[in-house]
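Please read the account below alongside the sequence and the model.

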Amino acid sequence: MVVIRTDRAETDPGLDFGGVRTEFGLPDGFSPAALGEAQRAVTGDVDHADREDATALPLVTIDPPGSKDLDQALLLERVGDGFRVHYAIADLGAFVEPDGALDAEVRRRGQTLYLPDGNVPLHPPVLSEGAASLLPGQVRPAVLWTFECGPDGEPREVRVRRAVVRSTAQFDYAGVQASFDAGEPHPSIEALPDFGRLRRARAADRGAVELQLPEQEVVATGDGDWALVIRPRADVETWNAEVSLLTGMAAARIMLDARVGVLRTLPDADDGAVEALRRSAQALGVPWPDGATPAELLAGLDPARPEALALFVDATRLLRGAGYTAFDGEAPEVFTHAGLGAPYAHVTAPLRRLVDRFATEVCLAVTAGEPVPGWLRRALPRLPGLMGGSDALAGKVDRAILDQVEAWVLADRVGHEFDAVVLRADGNAADVFVAQPPVMGRCTGPDLPEGEWIRVRLAEADPDRRKVVFERV
C-alpha cells in the first residue's frame with residue numbers, strides 16, 4: 001500500500017469536497033416524507049410468518065473496515081466433494097413500500113455515492129446502517145440464496161427465498177486474508193479459497209475479462225488531511241467477489257427462463273476492438289499465444305510490468321457499452337455480459353444500488369411460482385435509464401474526487417520530476433501513471449512510448465480546476 005498525504009491541512013483548512021457536492025448537486029438529506037416512511041418501517045414489525053428461520057446458520061460478513069451498510073452474509077460448507085454456499089442478502093423489500101415516497105426518492109438517487117468526507121446514501125441510514133443492514137448478532141430479514149455445487153464449483157441446485165438470519169461475525173478483508181495466511185480461517189469461510197479458485201477457473205473458461213489496473217483510493221488521515229492510496233487487492237476479495245458473481249448469474253438465468261426481469265449487459269467486443277488490442281500487444285512486445293482469447297492473454301500478464309499496465313488500459317475498449325436491459329415477454333437481443341462471459345444481474349447490493357431490489361423481487365416471485373407484481377412490471381422499463389444516469393453521475397463524482405486530491409497532493413511540487421509509465425498515447429499527448437505519488441494524469445511531449453517508463457516533469461497542478469499536467473523531460 002502506497003500512501004501520499006497532501007500535507008496541507010494546517011495551511012489550507014478548506015480541504016473538503018463541498019465543491020464536488022455543489023457542482024454535481026448531490027443531496028444532503030432525505031425528504032420528510034421519505035424519512036417518515038423509513039422510520040415507520042423500522043419501528044413496525046417485519047412479518048416473519050412466511051420466512052424461513054435461518055438464524056442457526058453461522059453466517060459472517062466481509063466488508064471494508066468500518067462499513068455499516070452490510071449487504072451480504074456468507075457461509076460455505078464442504079458437502080462430500082462439493083460445496084454448499086449460503087448467501088444472505090439484505091431484504092429491502094421488507095422496508096420499502098412500492099411506489100411510496102421512499103421508493104420515489106431512492107429511484108431518483110440510484111445508488112450510494114461514496115465520498116471521502118461522508119457518503120450520499122441510497123437509503124436513509126436508519127435502514128442502510130441499521131434495521132436492514134446485516135449487522136452481527138442482529139436478527140434481520142434477508143433474501144437467502146443457497147447453492148449446491150459440485151466439485152467443479154458449478155451449481156447443481158439453486159434456491160432463493162425470504163428468511164430471517166443472524167450474522168455471527170463482521171470481518172474485513174485484511175483480517176480475513178491474514179487468517180488464511182496464518183492457516184487459521186473462521187470455520188464459516190474455511191472453504192472460500194478452494195471454492196473461489198474453482199470459480200476463477202470457470203471464469204477463465206467462460207472468457208471473462210479482468211483488467212488488473214491500479215486502484216486509487218482517497219482516505220482520511222484523521223487530522224483533516226487526505227491521502228492517496230494504491231490498495232493492492234487481496235486474494236480474499238477476489239474469492240468473495242466470485243460468490244456475488246455466482247449469485248448474479250443464477251439470478252439472470254431465473255429471469256431469462258421466466259422471460260421477465262432486468263439484466264446487467266455488455267455486448268461482445270467487435271472485431272475492430274480485438275484487432276486494435278492485438279496491434280497494441282505487438283507494439284508493446286507482449287506475445288499473443290496462438291489460439292488464445294483476449295481474456296486468456298490478459299489473465300496471463302503480470303500487472304507489475306509496465307507493458308501489461310498499458311495493455312490493460314488499451315483493453316478497456318473491449319468493455320465499452322455496459323448498461324442495463326429490462327425485458328418482459330421475451331428475452332432481449334443482448335442478454336449476456338461479455339466481461340463475465342455469461343448472463344448476469346445485480347442482486348447482491350440492494351442497500352447501495354437501486355436495481356438489485358427489483359431484480360431480487362422478480363427472482364422471488366418466479367421461484368415461488370407467483371405472478372410478478374404489477375408495480376414491479378411497471379417499474380422494469382424505467383430501471384435502465386435510472387441506473388444509467390446514476391452510474392454516469394457516480395463515475396463523474398469519483399473522477400472529480402481523485403482529480404481534486406491529485407491536485408492537492410501535487411500543488412507544491414510543480415517543476416519536480418517523476419518516473420511514469422505511458423498508458424495510452426495519442427499524438428503528442430498521453431495518459432501516464434506516476435507510481436509515487438500514485439497519480440494518473442496527462443503528459444505532453446513527442447514520441448511517448450506506450451508501456452515504457454519515462455521521466456516526466458510536473459507542469460501544472462491546479463486544485464481550483466482539479467487539473468494536473470505533466471510534460472516529458
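Helix α8 comprises the 14 residues 271-284, which at 1.5 Å a residue should span 20 Å; the C-alpha atoms at its ends are 20 Å apart, in agreement. The expected span is taken as 1.5 Å times one less than the number of residues in the helix. Helices here are DSSP runs of H or I with at least four residues, strands are runs of E with at least two, and both are numbered from the N terminus. The model is a predicted one, in which local features require pLDDT of at least 70 and side-chain atom pairs count only at pLDDT 80 or more, whereas totals for chains, interfaces and linings use all residues. Residues are numbered from 1 along each chain as its sequence is written, and side-chain values use heavy atoms, with hydrogens and water left out.

Which residues of α8 are buried? They are Ala273, Val274, Ala276, Leu277, Ser280, Ala281 and Leu284, where buried means under 20% relative accessible area, exposed over 50%, and partly exposed in between (1.4 Å probe, protein chains only). Viewed down the axis of α8, these buried residues fall within an arc of 160°, so they line one face of the helix; the arc is that of the directions from the helix axis to the C-beta atoms. On the other side of α8, the exposed residues are Asp271, Arg279, Gln282 and Ala283. The cover over the buried residues of α8 includes α9 (294-299) and α10 (306-315).

The buried residues of α6 are Leu192, Pro193, Phe195, Gly196, Arg199, Arg202 and Ala203. Just after α6, Gly207 takes a positive phi of about 85°.

Asp99, with a phi of about 65°, is placed in the loop between β5 and α3 (101-109). Arg259, with a phi of about 60°, lies in the loop between α7 (235-258) and β11 (260-265) and is partly exposed, with a relative accessible area of 41%. A further backbone feature is the cis peptide bond from Gln436 to Pro437, with omega near -5°; Pro437 is found in the loop between β14 (429-434) and β15 (439-444).

Leaving aside neighbours within four places in sequence, Leu127 is in contact (heavy atoms within 4.5 Å) with Ala38, Val42, Phe95, Leu102, Ala132, Ser133 and Leu351. The C-alpha atoms of Leu127 and Leu92 are separated by 8.6 Å, although the two residues are 35 apart along the chain. Ala56, by contrast, is exposed, with a relative accessible area of 73%, and lies in the loop between β2 (52-53) and β3. Ala56 and Val209 are 153 residues apart in sequence and 38 Å apart in space, C-alpha to C-alpha.

Rolling a probe the size of a water molecule over the atoms shows where empty space is left. On a 1 Å grid over the protein atoms alone, a cavity is a set of points where a 1.4 Å probe fits but cannot get out, and a pocket is an open set with protein on both sides within 12 Å along at least five of seven lines; lining residues have an atom within 4 Å of a point. Grid points are joined across faces, edges and corners, and a volume is the space filled by probe spheres set on the points.

How many cavities of 30 Å³ or more does a search of the whole structure find? The search finds two. The largest cavity has a volume of about 70 Å³, and of its 13 lining residues the closest to the centre are Ala90, Asp91, Leu92, Arg357 and Thr360. Helix α11 gives the most to this lining, with four residues. The second largest cavity, of about 40 Å³, is lined by Val60, Thr61, Ile62, Asp63, Gln72, Ala73, Leu74, Tyr87 and Asn240. Strands β3 (60-63) and β4 (72-79) are the elements that give two or more residues to that lining.

The second largest pocket has a volume of about 310 Å³. Of the 15 residues that line this pocket, Arg162, Glu361, Leu364, Ala365 and Glu370 are the closest to its centre. The elements that give two or more residues to the pocket lining are β7 (155-166) and α11 (354-367).
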